[in-house]
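Student: Could you show me how to read aromatic pairs in a protein model? I'd like the general idea and then the case here.

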Amino acid sequence: NTFKQSVTSKQPTEQPKNINEEDIDDLIRLLRFNDPSLTSLILDGRGFDEASWEGLFDSIEENTHVTELSLVNCNLEDSTVGVLVLALVENETLTSINLSYNEDLTDDTGEGLRKVIKQGNAIVKKINIEGTSISSETADKIQTILDERDDSVMLLKLQEARQAKIKALLAFSASSEVERNNRRLAEEEEEEEEDDAHSPEKKRLNRSVSSKNSHKSSDSSVSSGKGRNRRKTNEAAPISRSSSQRSTASGSRSSPDKKLQHAVKANMAARQMANLGGDMNHVGKSASQLKELRKQRGECVHCGQKCFSKTMFKTVPLSIPNKVQDGRCLRCDF
């Protein structure tokens with residue numbers, strides 16, 4: 001017990017000194033010896049002579065442990081920070097640099113930083129130059145380069161690109177489904193027309209029309225024969241010709257052109273399909289009701305093409321190749 005008490009009494013009670021509060025010469029020595037305990041160099045508000053700053057920045061060039069350097073409000077100038085800019089060409093570990101509120105730093109430093117991070121250093125991800133005399137244009141150029149290295153920004157861009165692809169696929173699937181439904185309805189309409197044309201009731205109606213036309217032509221020929229008997233001989237030829245013409249006309253009326261009727265019906269059906277689009281279940285509605293219904297469903301009010309993806313909270317314009325561009329129907333230009 002006596003031994004344990006003596007050991008405890010000899011333990012140090014002082015807290016270790018902050019490494020960033022060391023003298024500038026000691027910091028330079030630690031940097032050059034590549035001390036692994038020195039990973040963050042925070043020298044905010046400290047002032048050294050130009051030679052000391054240059055020695056510090058020069059020692060950073062080959063250091064492989066420091067990742068953060070903060071020099072806020074240290075009265076730095078372009079000529080001094082130029083040594084740091086050159087050191088960044090070889091340094092491969094420094095990711096964050098804070099030069100804010102050094103008012104004497106100008107575009108000379110800004111352009112030097114921009115060229116280095118664009119051409120020679122791909123490691124630095126954050127540079128703070130707020131409160132300096134570097135122009136906003138140069139600052140924006142630097143930030144644009146850094147944004148391409150920011151993991152969070154890159155992840156956000158990837159997510160946006162992925163969502164855009166998903167929306168495009170969903171929109172394409174929806175339009176394909178509408179086209180398939182329209183094609184299927186058109187085929188069913190044609191089949192119904194063919195069935196109606198060959199139905200027994202349709203055949204009886206055609207026979208009835210032909211029979212009436214034949215009776216009319218026979219009555220016309222009888223009356224024309226009586227007229228010829230009563231008239232003079234020199235009038236017989238013109239009368240027979242006119243009778244023949246009337247007979248030919250009635251004969252042509254007695255045999256309706258089925259192909260022409262079918263073409264007219266098909267044209268009417270196609271026109272109705274074009275106006276209804278995917279709204280075959282709403283044939284009984286008026287034009288204004290149909291347009292309002294299509295508008296509520298995010299469709300073109302003229303042809304029924306899907307132009308918007310509607311959810312409970314928002315409406316997203318669709319883009320479908322050769323059909324829809326940003327919610328505008330290319331077919332109707334609406």
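Tutor: Let's begin with the overall layout: the chain has eleven helices and eight strands, taken as DSSP runs numbered from the N terminus (helices are H or I with at least four residues, strands E with at least two). This is a predicted model, where local features need pLDDT of at least 70, side-chain atom pairs count only at pLDDT 80 or more, and totals for chains, interfaces and linings use all residues. Residues are numbered from 1 along each chain as its sequence is written, and side-chain values use heavy atoms, leaving out hydrogens and water.

Student: How many aromatic pairs does a search of the whole structure find?

Tutor: Rings of Phe, Tyr and Trp (its six-membered ring) pair if their centres lie within 6.5 Å; planes under 30 degrees apart are stacked, over 60 edge-to-face, the rest tilted. Searching the whole structure gives two such pairs. Phe48 and Trp53 are edge-to-face, at 5.0 Å centre to centre with 65° between the planes. Trp53 and Phe57 are stacked, at 5.8 Å and 25°. Phe48, Trp53 and Phe57 form one aromatic cluster.

Student: What separates Trp53 and Phe57 along the helix?

Tutor: About one helical turn, because they sit four residues apart in helix α3 (residues 50-60).

Student: Is Trp53 buried or exposed?

Tutor: Buried means under 20% relative accessible area, exposed over 50%, and partly exposed in between (1.4 Å probe, protein chains only). Trp53 has 3%, so it counts as buried. Phe57 is buried too. Across the chain, buried residues make up 28% of the 334 residues.
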